[in-house]
Amino acid sequence: MSGIIPLWIKILYSAFLLVLIPNYLRVYGATNFLYFCDVAAFLTFFALWSENALLASIATVGIVLPQILWLFDFGVHLFGLKLTGMSDYMWNPQIPVFTRVLSLFHGWLPFFLLYLVKQLGYDRRAFWGWVIIAILLIVICYFWMPAPGSQPKGSFQPVNINYVYGFSDDARQHWMPGWAWFTTVLLGLPILIWWPSHLVLCRFFCVSAG
């Protein structure tokens, strides 16, 4: 499928990543790239240049619904309200403004991915592809990445990556035992977020798995 995506789009997106990656490394550190959205951003790069429907579909099914929720949360913040806290860092004056501007990709990336699957088609194998990637990330973030409240003072090092300890970066959730929350994340995301996304994407953009 060569030539489906215009070259200027590929170059523009690549240039964006060339700016974002060193900036995020400097401000947040390498572990920030374990977030689902960042992984999807890298998958998008490879999907763009290879025009690979499966890669584009994996990124789309994984983040389109959560990132639209992020965008809604960001919009609510504009009116001085708070919904989920997903976009709280965008209002942290200690984080460089340019870094926060780059983070606006959370708002436009889901729509860009929908454009990609419209052009390339949605591959139904994407659901299991993303589930495998995401479960690996969840396990790594739960067992080996910093927990809430462990962030050094003055540091923007990510903690509680992918919300494996709850919704707060300051403390673990107290609604249930830690193992129960971990299990809920492992089972709840595929069932409540990614499978419904898969069904909708398949309904509008699905192509054969060949």
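This is a predicted model: local features need pLDDT of at least 70, side-chain atom pairs count only at pLDDT 80 or more; totals for chains, interfaces and linings use all residues.
Q: How are two packed helices described?
A: By the angle between their axes and the distance between the axes. Take α6 (residues 126-144) and α7. Their axes come within 11 Å and cross at roughly 155°.

Q: Are α6 and α7 roughly parallel or roughly antiparallel?
A: Angles over 145 degrees count as roughly antiparallel. α6 and α7 are therefore roughly antiparallel to each other. The crossing of α6 past α7 is right-handed.

Q: Which residues of α6 and α7 meet?
A: From α6 come Phe127, Trp130, Val131, Ala134, Ile135, Ile138, Val139, Tyr142 and Phe143. On the α7 side are Gly178, Trp179, Phe182, Val185, Leu186, Leu189, Pro190, Trp194, Trp195 and His198. By class, this contact of α6 with α7 has 17 nonpolar, two polar and no charged residues.

Q: At what angle do α2 and α6 pack?
A: The angle is about 135°, and the axes of α2 and α6 are 11 Å apart. That makes α2 oblique to α6. The crossing of α2 and α6 is right-handed.

Q: Is the crossing of α2 and α3 left-handed or right-handed?
A: α2 passes α3 in a left-handed crossing. The two helices pack at an angle of about 145°, with axes 8 Å apart.

Q: What does the contact of α2 with α3 contain?
A: α2 supplies Phe36, Cys37, Ala40, Leu43, Thr44, Phe46, Ala47 and Ser50. α3 supplies Leu55, Ala56, Ile58, Ala59, Ile63 and Gln67. By class, the contact of α2 with α3 has eleven nonpolar, three polar and no charged residues.

Q: Turning to the pocket, what is the volume of the largest pocket?
A: The largest pocket has a volume of about 1500 Å³. Its lining has 49 residues, and the closest to its centre are Tyr35, Gly85, Met86, Tyr163 and Asp169.

Q: Which elements give two or more residues to the lining?
A: They are α2 (36-50), α3 (53-78) and α7 (178-205). α7 gives the most, with eight residues.

How values were computed. Residues are numbered from 1 along each chain as its sequence is written. Side-chain values use heavy atoms; hydrogens and water are left out. On a 1 Å grid over the protein atoms alone, a cavity is a set of points where a 1.4 Å probe fits but cannot get out, and a pocket is an open set with protein on both sides within 12 Å along at least five of seven lines; lining residues have an atom within 4 Å of a point. Grid points are joined across faces, edges and corners, and a volume is the space filled by probe spheres set on the points. Helices (H or I, at least four residues) and strands (E, at least two) are DSSP runs, numbered from the N terminus. Axes are lines fitted to C-alpha atoms, for helices over the stretch in contact, and angles run from 0 to 180 degrees between N-to-C directions. Angles under 35 degrees count as roughly parallel, over 145 as roughly antiparallel, 65 to 115 as roughly perpendicular and the rest as oblique. A crossing is left-handed if the near helix is turned anticlockwise from the far one by less than a right angle, and right-handed if clockwise. Contact means heavy atoms within 4.5 Å. Ala, Val, Leu, Ile, Met, Phe, Trp, Tyr, Cys and Pro count as nonpolar, Asp, Glu, Lys and Arg as charged, and the others, Gly among them, as polar.
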